[in-house]
Structure formats: C-alpha cells, structure tokens
Amino acid sequence: MSGMNEIDKSKVPQHIAIIMDGNGRWAKRKGLSRIFGHQAGVTAVRRITEACAEFGVKYLTLYAFSTENWNRPKEEVDALMTLLVDSIEKETPDLMKNNVRLLAIGDLGRLPEKAEQKFRNCMSQTDGNTGVNLVLALSYSSRWEITDAVKQIAKQVKEGSINIDKIDEDTISKHLTTNHIPDPDLLIRTSGELRISNFLMWQLAYSELYFTDVYWPDFDKEELRKAIVDYQHRERRFGKTSEQITENSKI
Ligand code: IPE
Ligand code: IPE
Ligand code: MG
C-alpha cells in the first residue's frame, strides 16, 4: 500500500512525454536573456532523466525543438543548435554511465550537419544501453510526421507492396517516427499553456494529460513525483465503463 502522495511502484507510467515549455519566461522573470533559460532547461533535462530512472519510467520523450520553432529569430535558433551540440558532447559520458539510451524523433535532416552528426554518434554509442530510453523530439511536429507517413504508405501502395484494404491503425503507427516506442501513458506540459502544439497527436490518443504552471527550468523530481501520483489516481477506461475496468482489475 502506498499513501496518497507516494508513488505506487506497481503503476508507474511506462512512458512519459513532456512539452518542456517556459524557458524564455523563466529567464525573463530573472531579467536574463532567453538563452539562459534554455541553458537552465538542459539542467532540468538531466535532472528529470535521472528521476525517471529512479522511479522506474522506461521511456521519456522530450519535446526539445518543434518544426514551428524554426520560425524563431535566427539568433535564438542558432543559440539553441549550439546548445544542442554542446550538451550532447558534454552529456554522452553520463548517458553511458547511467545506462541511458538516446533516441530521436523528428526531421533530423533539417538540423545543421554538425548537430545531426553529433546526435547520430551519441545514439549509436548509447544504443546498447538498457536503462531509460530518452527520446528527443527535434525538428519534430505531428503534422510533419503524419504527412511523411502518408507519403511512405502511398509510395508502397503504388509499388504494390501494401494492399489498400490491409491498411489499418498498425500500418500507420509503424510508419511514424515513434515506431517501436510505446504510446505515452502520461503527457506533461509545463509553464501553464494548455495546448498540444503539434506534439504526438496520433500517439497521445489515450494518454493522460497533466498541466502545471511551473516553468521547465524549475521542474524537478518533486514536480515529477506529483505528476506521477496524479496520474496514478486517474481511471484509464479506454472507452469502456468504470465497472468493466474494476471487474478486470479483480482478475
Ligand atoms: C521551451 O521554452 C523551449 C523551446 C521551445 C525550445 P520556450 O522557449 O518556448 O519558453 P517560453 O514559452 O517563451 O517561455
Ligand atoms: C512547444 O513549445 C515546443 C517545445 C517545447 C519544443 P512552444 O513554446 O514552441 O509552443 P507554443 O508556440 O507556445 O504553442
Ligand atoms: Mg514556449
């Protein structure tokens, strides 16, 4: 038995996805430039990855840079790309030490060559790790991903390797960049915004949603614990009735 405020180890979400938002406002509140917020955001990534390992979460997907974020001022985009390269370089030894496997979803080909290369190197280096799967969404958007999946499927239909009548939900899931990654059980968005911002729209179909006003650089293990405990008090019905769910859990 666990108390109302403690994590029930038997019901830990297997996959948590986070829209890490509020870096800019966090910095502004302190009278600093936005990039300081992004730097503090990297520290929060490290903290939350470690907390996930401790709590037993197997997949952590972080929205780091969206397709739409390319439209930010050039200085901010450049600073973010530099930060990405530096962080990957700096963090790889710790990822190895902590048994973290790095994965990516998104249009990596749009990243500056150096960033893409560093990223791919880190992914292959950590590929054999068996702890937390840390999935970074980079140059990612759900509409981009779904459009890309439709193109791949259409091509295979044209070539005759997919039969139109055989296309089902599984066919679509398999052509998304999240192929082999289970759907998120819990989605967290920080900073008080109540929207999805083009993130995992297919995969979030039955995820539990959790919003907090805390800015991402302030999000810590205690905030994560609160989100998980909140999640554990939800009843996930997947379209069924509450009675069906409680009956099944008795078996
Ligand atoms: C999230 O923080 C990080 C990225 C989108 C790269 P923001 O940069 O969106 O911070 P706010 O929302 O402006 O405070
Ligand atoms: C979503 O945050 C993208 C990331 C966290 C990387 P944004 O700050 O870009 O989202 P909007 O523009 O407020 O919807
Ligand atoms: Mg934002």
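Begin by selecting ligand 1 together with the residues near it, those with a heavy atom within 4 Å of the molecule: Met20, Asp21, Gly22, Asn23, Gly24, Arg25, Arg34, His38, Ala64, Asn69, Arg72 and Leu80. This is a predicted model, in which local features need pLDDT of at least 70 and side-chain atom pairs count only at pLDDT 80 or more, while totals for chains, interfaces and linings use all residues. Residues are numbered from 1 along each chain as its sequence is written, chains are lettered from A and ligands numbered from 1 in the order in which they are written, and side-chain values use heavy atoms, with hydrogens and water left out.

By class, this shell holds three nonpolar, five polar and four charged residues (Ala, Val, Leu, Ile, Met, Phe, Trp, Tyr, Cys and Pro count as nonpolar, Asp, Glu, Lys and Arg as charged, and the others, Gly among them, as polar).

Next, display the polar contacts of ligand 1, where a contact is a pair of N or O atoms within 3.5 Å. A polar backbone atom of glycine 24 lies 2.9 Å from an oxygen atom of ligand 1. An N or O atom in the side chain of arginine 34 is 2.8 Å from a ligand 1 oxygen, and a polar side-chain atom of arginine 72 is 2.8 Å from an oxygen atom of ligand 1. Taken alone, ligand 1 exposes 380 Å², of which the protein buries 87% (Shrake-Rupley method, 1.4 Å probe).

Now colour helices α1 (23-29) and α2 (34-55), the elements that give two or more residues to the shell around ligand 1; helices are DSSP runs of H or I with at least four residues, and strands are runs of E with at least two. The most comes from α1, with three residues.

Move to ligand 2 and select Ile19, Met20, Asp21, Tyr63, Ala64, Phe65, Asn69, Arg72, Arg189, Arg195 and Ser197 around it. Polar side-chain atoms lie at these distances from an oxygen atom of ligand 2:

- asparagine 69, 2.9 Å
- arginine 195, 2.8 Å
- serine 197, 2.6 Å

Taken alone, ligand 2 exposes 390 Å², and the protein buries 78% of that. Strand β2 (residues 59-66) gives the most to this shell, with three residues.

Finally, show the aromatic side chains; the whole structure has six aromatic pairs (Phe, Tyr or Trp rings, the six-membered one for Trp, with centres within 6.5 Å; planes under 30 degrees apart count as stacked, over 60 as edge-to-face and the rest as tilted). Select tyrosine 63 and phenylalanine 199: their ring centres are 4.2 Å apart and their planes at 10°, so the pair is stacked. Tyrosine 63 belongs to strand β2 and phenylalanine 199 to the loop between β5 (186-189) and β6 (208-211), so the pair ties together parts 136 residues apart in sequence.

Conventions: A polar contact is a pair of N or O atoms within 3.5 Å; within protein, one must be able to donate a hydrogen and the other to accept it, and residues adjacent in sequence count only if both atoms are side-chain atoms.
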